[in-house]
Amino acid sequence: EAAAGWSLFHVALLAAAAYYIEYALNFVVLSLVPPIAFSVCDILRRLGTICWGAVLLSKPFTMVNAAGVVTSLMGVLSYSIITSRG
């Protein structure tokens, strides 16, 4: 059943358009910042997406999920501290 007049086709089309725009904007941002800075920002964006999805869907993190998020954050933080010193 389509909810509020949206068919599966419309949702898929909207998702494809959003993905295309995100992909194109990645190239724009990549041309403006160094590749490693882009990677750090991309990791933070992905972690934000994962955490926001968990909140939005009311799904609590398991210990493995939390350990993965903390490990990723520690890696980004460690990289930022090390590169800012040298």
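**Rings, burial and salt bridges**

Tutor: Ring pairs join Tyr19, Tyr23 and Phe27 into a cluster. The model is predicted, so local features need pLDDT of at least 70 and side-chain atom pairs count only at pLDDT 80 or more, while totals for chains, interfaces and linings use all residues. Residues are numbered from 1 along each chain as its sequence is written, and side-chain values use heavy atoms, with hydrogens and water left out.

Student: What makes Tyr19 and Tyr23 a stacked pair?

Tutor: Rings of Phe, Tyr and Trp (its six-membered ring) pair if their centres lie within 6.5 Å; planes under 30 degrees apart count as stacked, over 60 as edge-to-face and the rest as tilted. The structure holds 2 aromatic pairs. For Tyr19 and Tyr23 the centres are 6.1 Å apart and the planes make 20°, so the pair is stacked.

Student: Where do Tyr19 and Tyr23 lie?

Tutor: Both are in helix H1 (residues 8-32), 4 residues apart, about one turn of the helix. Helices (H or I, at least four residues) are DSSP runs, numbered from the N terminus.

Student: Why is the pair of Tyr23 and Phe27 called edge-to-face?

Tutor: The centres of Tyr23 and Phe27 are 5.2 Å apart and the planes make 85°, so the pair is edge-to-face. Tyr23 and Phe27 are also 4 residues apart in helix H1.

Student: How do you know whether Tyr19 is buried or exposed?

Tutor: Buried means under 20% relative accessible area, exposed over 50%, partly exposed in between (1.4 Å probe, protein chains only). Tyr19 has 54%, so Tyr19 counts as exposed. Tyr23, at 46%, is partly exposed, and Phe27, at 49%, is partly exposed.

Student: Which label does Ile82 get?

Tutor: Ile82 has 61% relative accessibility, so Ile82 is exposed. Ile82 is found in helix H3 (residues 63-85).

Student: What makes Glu22 and Arg45 a salt bridge?

Tutor: A salt bridge is a side-chain nitrogen of Lys or Arg within 4 Å of a carboxyl oxygen of Asp or Glu. The closest N and O atoms of Glu22 and Arg45 are 3.2 Å apart, so the pair qualifies. This pair links distant parts of the chain: Glu22 is in helix H1 and Arg45 in helix H2, 23 residues apart. A search of the whole structure finds 3 salt bridges.

Student: Which residue forms a salt bridge with Arg46?

Tutor: Asp42 does, with the closest N and O atoms 2.9 Å apart. Arg46 and Asp42 both lie in helix H2, 4 residues apart. Salt bridges that share partners join Glu22, Asp42, Arg45 and Arg46 into one network. The side chains of Arg45 and Asp42 also meet in a salt bridge, at 2.8 Å from N to O.

Student: Why is Asp42 called buried?

Tutor: Asp42 has a relative accessible area of 15%, so Asp42 is buried. Arg45, at 36%, is partly exposed, and Arg46, at 49%, is partly exposed.

Key:
Helices (H or I, at least four residues) and strands (E, at least two) are DSSP runs, numbered from the N terminus.
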